[in-house]
Amino acid sequence: MKIEVKKVSDFIWEIPKTGDMLVPGRVYADEETIAPLVKEAVAGKPGGLTPALVQVANVATLPGIQKASLAMADIHPGYGFAIGGVAAFDSDKGIVSVAGVGFDINCGVRMLKTPLTRGDIEPIKTELANQLFRDVPSGVGSTGDIRLKESEIDDLLVKGSPFIVERGYGLSEDLEYTEEGGCIKGADPHNVSTRAKERQFKQVGTLGSGNHYLEVQYIEEIYDTEAARIYGLSKDQVVISIHCGSRALGHQIGTDYLKTLEAASRKYGIPIRDRELVCAPITSPEGKKYISAVNAGMNCAFANRQAIAHLARGAFARITGIRPDSIRMLYDVAHNTCKFETHIVNGVEKKLLIHRKGATRAFGPGRVEVPPAYRSVGHPLLVGGTMGTASYILRGTEKGMAECFGSTVHGAGRSLSRVQSKRQWRGTELLKDLAAKGIIIRSGSMSGVAEEAPGAYKDIDRVVEIMHMAGVNRKVARMRPMVCVKG
Amino acid sequence: MTYSYHEHISDIGIKAEARDLKSAFNEGASAMLNVMFDLTTIDENEAHEIRAEAPEIETLFVEVLNEVLSIQGLRELAFKRVETTAIEETAEGYRYSGRAFGEKFDRSRHEARTEVKGATYSGLRYNGGTGGVHELECILDV
């Protein structure tokens, strides 16, 4: 397929508005990273998947889309929407799409700050890895010790993290440093199927599998000393990073509503270029139900990361001797969501439904959604790397608010498929290589380790640099992993 | 009868091929289950009913795969295979019935691989009976 890209600046490329596109496409990339995307688009559908740039153009045709169909620097093909895709829709005339959220609703990253340094952890990291692997359930079908009664699940879906904190799993200040306070309004458990709820009873406080992880990292470099001071971060400080989502509940909501919105797309005659883009008008009964179910899924994921943070604090305290409450929240931010937010469009403040699919909210200075302590610099953006590579803390900017609805990347983004990755690496060898670099991995699945090989991902440093140079985010700190418990 | 995987950057594409449609559904389910587990480690101690309905064969395939995932997750099982009983035409499309065989998931005995979050409409294709072969393809979100 022919797809034209126009260079706007060194770090922004535009897919001009043509045919039925309502807005242009805009991709954060440099000369080197745009080239393979264009090549992929020209080559057509590898393995039946629509190329990422074509997906960006497809999203630009959906009713009510505002300004541009955006892709962050970690762009790669998803289903329907590209991963790294951001799209804002008019809250009256726009649509909501399952493909714009994904199956893992509110997959996100939570970071905890410890009072310890790299030197404190280095001698005890093997014991720490073992304790974390024991205490935080991970892997396919993992179940946790935090069991809910059937009557409690609806409460959890409405209340989110506060539900978990009220039960003694965490500090009340954890909520202040969670996006939406860990509880997004408008969750209606009645719009979540019984089966979705039943699948979740035993999964609260579990990591799951795939690219989900719990990492112990140290801060290798600080780029923005003022923001680091405000966030309470210093060089060599040890932090805990938790990457996971809404587990089976989110998967089941996605499955259930894929069917509902497939029917809605036909009912409302919404022109979609790709079957996977099934959607419903935001104001339709189907659209409203789906949004309320996504909100329930978001609360479930916030609660899940809260429960895991509690388990991680316990494991850390046991091995290091520090008090669990001396481990404080930096922030918790989601990267698979659709949310109502207000943004300026053509000089006018508008209520929009923002889809972020493998993209992180990145609100800059001054926004009321940012906790008061961070408001002068914007909230921390947590960008996960892979097992062997760096992770980053960034912050939002005014330019990012104006240009990309306050959004950023969610990680490195894959460059090799899981099949290719398994062909190239063996799990056991990878563990040895990483151990030689001082990184301890604990995982129940060797093939899972091979699929998540660091070499299968794009260069995280480059991905982050593109967003930084484009001026839509600023780099604050870079972390290196010491221990990784992989789902 | 066979199944295969295709290159796909973030997820896994599956392709099932068989002489008849029912067997193609069985192969498709095996392709998905094999992503999640080493199937040789699973015994067939339990059977569970799988039912689904959809307007077309393609969407029925996605529905069946998601139903298998859902029941497996709900009952904490590891399925080894699916046997299709019937695929019938109805006024609204198609109705599927079949059974999934496996046992309670036990991480000490079952080699778990990668969790499948869902079967998607991406890369969804059905090629019915060209040259006597039924092909079903879709992409799994993992």
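**Cores and interface of chains A and B**

In this predicted model, the largest nonpolar core holds 114 residues. Ile75(A), Leu156(A), Tyr290(A), Phe25(B), Leu65(B) and Leu140(B) touch the most other members. In soluble globular proteins, nonpolar side chains tend to be buried together.

Neighbours within four places in sequence are left aside here. Ile75(A) is then in contact with Val27(A), Leu37(A), Ala52(A), Leu53(A) and Val56(A), and also with Ala82(A), Ile83(A) and Lys458(A). Another core lies apart from the largest one. This other core has 50 residues, among them Val109(A), Leu233(A), Ile240(A) and Val370(A).

The two chains also share an interface. Here, 46 residues of chain A are in contact with 41 residues of chain B. Together the chains bury about 3,700 Å² between them. Carbon and sulfur atoms account for 50% of that area. Five salt bridges are found across the interface. Arg247(A) forms a salt bridge with Glu115(B). The closest N and O atoms of this pair are 3.0 Å apart.

On chain B, the side that touches chain A draws at least two residues from each of β1 (2-6), α2 (57-74), β6 (118-119) and β8 (133-141). The largest share comes from α2(B), with 10 residues. By class, this side of chain B has 16 nonpolar, 12 polar and 13 charged residues.

Technical notes: Residues numbered from 1 in each chain as written. Chains lettered and ligands numbered in written order. Predicted model: local features only at pLDDT ≥ 70, side-chain atom pairs only at ≥ 80, totals over all residues. Heavy atoms only, no water. Contact = heavy atoms within 4.5 Å. Buried area = accessible area lost by both parts, 1.4 Å probe. Salt bridge = Lys/Arg side-chain N within 4 Å of Asp/Glu carboxyl O. Helix = DSSP H or I, 4+ residues; strand = E, 2+ residues; numbered from the N terminus. Nonpolar A, V, L, I, M, F, W, Y, C, P; charged D, E, K, R; others polar. Core = buried A, V, L, I, M, F, W, Y, C linked by side-chain atoms within 4.5 Å. Buried < 20%, exposed > 50% of the residue type's maximum accessible area, 1.4 Å probe, protein only.
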